[in-house]
Structure formats: structure tokens, C-alpha cells
Amino acid sequence: MVAVTPRHYAGPSVDAVDRLRQRLQAEGWVDAEGVLTSACGRLGVAWPTESDKPRGWGRERTYAPWRVWGTQRAGAGVAWRVTGWRLVPQEIVEGLIGEATTMLDEADKAGRIPFESGVLALGFLPLAAAGWTSEVTPKGAATFESPDGLLSARCGPPDALYELRGRPAARISCRRALGFWEVEISANTPSRLAAALCRDVSDPGPLIRNPDHLRLDATDREVAVVTPVTAQSLTTATSRRAAAITRSLPSLSTTSTTAPAGNPATAHPATASASRR
């Protein structure tokens, strides 16, 4: 295994879809007709599927995109949606699902609707904090570009017609020759979810991948840093994280035991796990 930075050179793992499906199903998500729905019925995920269609004398292979969406309550219409091409690193999709799940848990405890849209452009501020160049047009559109120039993001000006026109209000694009992908964000997506996407996209930390499945051309190899990772180092990192979590448990249990018995925040149990990964 190898560690890859910047992370947009890593692409997805070969078993990314299977691993995410297994994890969500273990957390109580329901799999029906190629769509996973959270136990509370307010989050949905569809994953890339392969198909082919006739083209000329042959057939063209196509892939459905990642699709993640949320609703304000079970059975209601879609409140927001995010679509990602199949070469998006799965950690970006997992981070989005984790943040949306956290928002559901917090809303249940507070007794409010979970997904308040707000100003979508504010969700792109993590890109500026990560050192991306930025520009804002007089009409209010904001654009960002990564230091290597291969990643860009654009959030259009506030406009109520995006949904009517069937267009995303914002998108994040990777322009690598062997790893082109886009993430499209709907106009009503909460800025907090956009911020989660931007943090994961611009995170300087490496992603672990199988070197045999990296999609890197000669230009990519001049920029990407690919470092071998031993099984021992992976085990050590996992052990350190487990130890850190264990050390935090006493303080958490102390806080929970001192809470008033009639605290209304404890009257609404969480409907899904808030784990990010």
C-alpha cells in the first residue's frame, strides 16, 4: 500500500463502493433497488454502477455517478442533492454522509428541521483557508483554484432558478487527464455540507491506496508524492487513534452522568450514527 498526496491524485479505491455499502448497512441503512436509505428515511445514497450502450459499431461503457441526497423528514421531497463522478475519492463521499448524519442527530436533539440551506458560498471558505486562489465577480460568483491548478471550484451567484433550469449551483472539478471528476452541488444544499466537501477536497493529509490501481500519467508522477506504507505503520496509526478515543471516554461519561434527568436534549435519541469514517 502507498500514501498519496495531494489526495486528488489518489482516485477511489477499487473496493470503495463495496466497503461503503457494507459499513452503511452495518449501521442500519436499508438497501433497496440500488439505493441505500438511512434508518430514519431522511438520507439516501446511490453508487456508481457500470453499464454499456450501443455506439457506432461497438458499445460504449458508461457509469452512473455517486448520488447523495437528504430530506427534511421521511417521505418528503428531496431538500438537497450532491452528485459525484465515479473517480471521486470515496473519502469525500464518506465525509459528506458523515456530516449529514451529524446534522440529523443534532436536529433531532434540538427539535428542528435538519437541513437549513443558508448561503451556499460560505461553504467554500475552507478552500481559501487552505491556500487556494479565489476570485469573486461583481455578480457574486466565487471561483477557487488549487495550488497545482488541477482542482477548481465555482459557486454561482444567488439565484432561485438553478433548480428550475436543472443545473447545479456549484461544482468542484478535478482536471487530471487520467482522473477527471466533478462534484455537483444543488442550490439548497446547506453551506455546512459544502464546507465538509471543501475540507475533504483540500485536506493535505494523504490517502492510502493500492499502487497497482493508481491512475497516474507522466505529468502526474512529477507532482504526486507516492510513499510506501508498511502494514506495521498502518497498525500503529490505528492503535494510536483507538487509544486517543479510549482516553476521551472518561470525560464523556462524566458529562453524561451529570446531565439533568429532565434534559429535553436526551428525549430524542439519534437515528443514525455520526461516525465520519
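Please keep in mind that the model is predicted.

I start with helix H2, residues 90-110. Its 21 residues reach 30 Å from the first C-alpha to the last, close to the 30 Å expected at 1.5 Å a residue. Most of the helix is covered, with 18 of the 21 residues buried. Just after H2 comes glycine 111, with a positive phi of about 70°.

Next, the salt bridges, which number 13. Which residue pairs with glutamate 91? Arginine 209 does, at 2.7 Å from N to O. The two sit 118 residues apart, arginine 209 in strand S14 and glutamate 91 in H2. Both of these residues are buried.

H2 also holds glutamate 106. The side chain of glutamate 106 meets arginine 192 in a salt bridge of 2.8 Å, N to O. Arginine 192 belongs to helix H5, residues 191-202, and lies 86 residues from glutamate 106 in the chain. Shared partners join Glu99, Glu106, Arg192 and Arg199 into one network of salt bridges.

Now the hairpin. Strands S9 and S10 run antiparallel and are joined by 4 bridges. Valine 136 stands opposite alanine 142. Between the strands there are 5 residues, and glycine 140 has a positive phi near 105°.

Last, the second largest pocket, with a volume of about 380 Å³. Its lining has 16 residues, and those nearest the centre are Pro12, Ser13, Val14, Arg86 and Leu87. By type, the lining has 9 nonpolar, 4 polar and 3 charged residues.

How values were computed: Residues numbered from 1 in each chain as written. Predicted model: local features only at pLDDT ≥ 70, side-chain atom pairs only at ≥ 80, totals over all residues. Heavy atoms only, no water. Expected span 1.5 Å × (residues − 1). Buried < 20%, exposed > 50% of the residue type's maximum accessible area, 1.4 Å probe, protein only. 1 Å grid on protein atoms, 1.4 Å probe; cavity = no way out; pocket = protein on both sides within 12 Å on 5 of 7 lines; lining within 4 Å. Points joined across faces, edges and corners; volume = space filled by probe spheres on them. Nonpolar A, V, L, I, M, F, W, Y, C, P; charged D, E, K, R; others polar. Pairing = 2+ DSSP bridges. Salt bridge = Lys/Arg side-chain N within 4 Å of Asp/Glu carboxyl O.
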